[in-house]
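Here is a short briefing on one protein model with a ligand. Look over the sequence and structure first, then go through the points by topic.

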Amino acid sequence: MSQSQAWFSRAEKCFPGGVNSPVRAFGSVGGTPIVFERGEGKHLWDVDGKKYVDFCASWGPLILGYSHPEVVNAVQQQAAKALTFGAPCKEEVLLAEKVKSWIPGIEKLRFVSSGTEATMSALRVARAFTKRDRVIKFVGCYHGHADAFLIAAGSGLATFQTSSSQGVPMDAVKHTITCEYNDIDFLKQLPDNVTQEIAAVIIEPLACNMGLVKPTPEFMQFLRSWTKQIGALFIFDEVMTGFRLAKGGAAEHFKTQPDLWTFGKIIGGGLPAAAFGGREEIMNVLSPLGGCYQAGTLSGNPMAMAAGLATLNAMEKQNTFSACESLGKHLDMVVQEILSSHISSGKLSYVRQASFFCFFFGRSSLPQNFKEVQQSNMQTFSKVYHHLLNAGIYLGPSGYEVGFISNAHEKSDCENLVQEIAKALK
Ligand SMILES: *Cc1c(COP(=O)(O)O)cnc(C)c1O
């Protein structure tokens, strides 16, 4: 038995399924999760001492790679001062000012500790501001595990919605309307008595939790003008795309300003931090100014703020966006070179945006929504996944996940990844 297996069997006696978050389980690819010990730059080492090139980035935060010296230093410096105050601190102001300077539409924000908390709070703010209850979410978009968002398909707003998790009462999702990604027609046919009850439309502006699905330009434009027209707030859930898609995030990339944003992952530089923010008049509904309550013992935690700030500062210094884009272009090129026969024979499709990439096996065209994503071949993904693990390449253990390029990768890593996928497909 490997050390990894030994630790995981101990973990199974401690945690349901052996994990503290279900995406870490190997349920969809089979086998036992790897137990890790250390990371540095693009590399990860497991408890058996096996080395991997990492394309999972802890599901997004590690755009600089593991243990970036400036981030580690910032955290060490802060640890010597205080781990938490439960009172205002300089670090939260510095990070907030940095976020506002990168994303000019954000006038006010609040820090929280997880993406789940950010989206949950943004929805509460939207409901308080509009004095409406309904929310529209898109199938396949993940907005954390708050009750209102744990709902999958089911087109009929008139028919009963069922939640996608046990333990979520029907009452908690009865205000949530789901719509397929990129489906304008569904929204257009919603009757007035429904649209006038909609507080918010929330979207992953680039969908990164069902593989990688891009919004069509018409869809994005429609959502912006339609939400304005019906008096609902437009929320960009940028927990994944924030500080990764572009410096100004999805607003810059799609030239579309939402009313509210949510962030997580990179904003904490690897420590638990997240945020939500937007126009001042909206955010001012929050307590203590307004009557919408939201709070957190560790919100704006100085350790997490220091890690987030050091990450954004280092990204500026290292030109992370252009570095990742050129690695991405290189990946595109090698994919075309080495995998073209699989692509042209309809066995594979590939998509990349900024430092996100995704391979869909058994599909000749790129999916536009979750239904189409589900038509890809997850068995092939599992086989490829285990081949890559053996070859020392680590990705998130599910075909519904994207891969992440980091600023620590090199062109040769892109080449190895593609070569190993080609070998696996043989
Ligand atoms: C990861 C993620 C969340 C949830 O964030 P947690 O910190 O895991 O609670 C919400 N929305 C999106 C788009 C995400 O990718």
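N209 places a polar side-chain atom 3.1 Å from an oxygen atom of the ligand. This model is predicted. T116 also faces a ligand oxygen atom, with a polar side-chain atom at 2.7 Å. The protein buries 82% of the 380 Å² that the ligand exposes when taken alone.

**Ligand shell**

- The ligand is surrounded by S114, G115, T116, Y142, H143, G144, E204, N209, D237, V239, M240 and K265.
- By class, the shell holds three nonpolar, six polar and three charged residues.

**Nonpolar cores**

- In soluble globular proteins, nonpolar side chains tend to be buried together.
- The largest nonpolar core here has 108 residues.
- Within this core, I136, F138 and L187 touch the most other members.
- Helix α11, residues 302-317, is the top contributor to this core, giving 10 residues.
- Another core lies apart from the largest one and has 22 residues. Its members include A118, L233, L260 and F276.
- Setting aside neighbours within four places in sequence, F138 is in contact with C179, E180, Y181, L187, V201, I202, I203, F219 and L223.
- One of these partners, L187, is itself named with F138 among the core members that touch the most others.

**Q353**

- Q353 sits in strand β11, which spans residues 348-353.
- Is Q353 buried or exposed? Q353 counts as buried, because its relative accessibility is 18% and the cut-off is under 20%.
- The side chains of Q353 and K214 are joined by a polar contact of 3.1 Å.
- Beyond neighbours within four places in sequence, Q353 is in contact with L206, L212, K214, L245 and H253.

**S382**

- S382 belongs to helix α14, made up of residues 378-390.
- S382 has a relative accessible area of 12%, so S382 is buried by the under 20% cut-off.
- Which residues does S382 contact, leaving aside neighbours within four places in sequence? They are S28 and V29.

Technical notes
Residues are numbered from 1 along each chain as its sequence is written. This is a predicted model: local features need pLDDT of at least 70, side-chain atom pairs count only at pLDDT 80 or more; totals for chains, interfaces and linings use all residues. Side-chain values use heavy atoms; hydrogens and water are left out. A nonpolar core is a set of buried Ala, Val, Leu, Ile, Met, Phe, Trp, Tyr and Cys residues joined through side-chain atoms within 4.5 Å. Buried means under 20% relative accessible area, exposed over 50%, partly exposed in between (1.4 Å probe, protein chains only). Helices (H or I, at least four residues) and strands (E, at least two) are DSSP runs, numbered from the N terminus. Contact means heavy atoms within 4.5 Å. A residue is near a molecule or strand if one of its heavy atoms lies within 4 Å of it. A polar contact is a pair of N or O atoms within 3.5 Å; within protein, one must be able to donate a hydrogen and the other to accept it, and residues adjacent in sequence count only if both atoms are side-chain atoms. Accessible areas come from the Shrake-Rupley method with a 1.4 Å probe; for residues, only the protein chains shown count as cover. Ala, Val, Leu, Ile, Met, Phe, Trp, Tyr, Cys and Pro count as nonpolar, Asp, Glu, Lys and Arg as charged, and the others, Gly among them, as polar.
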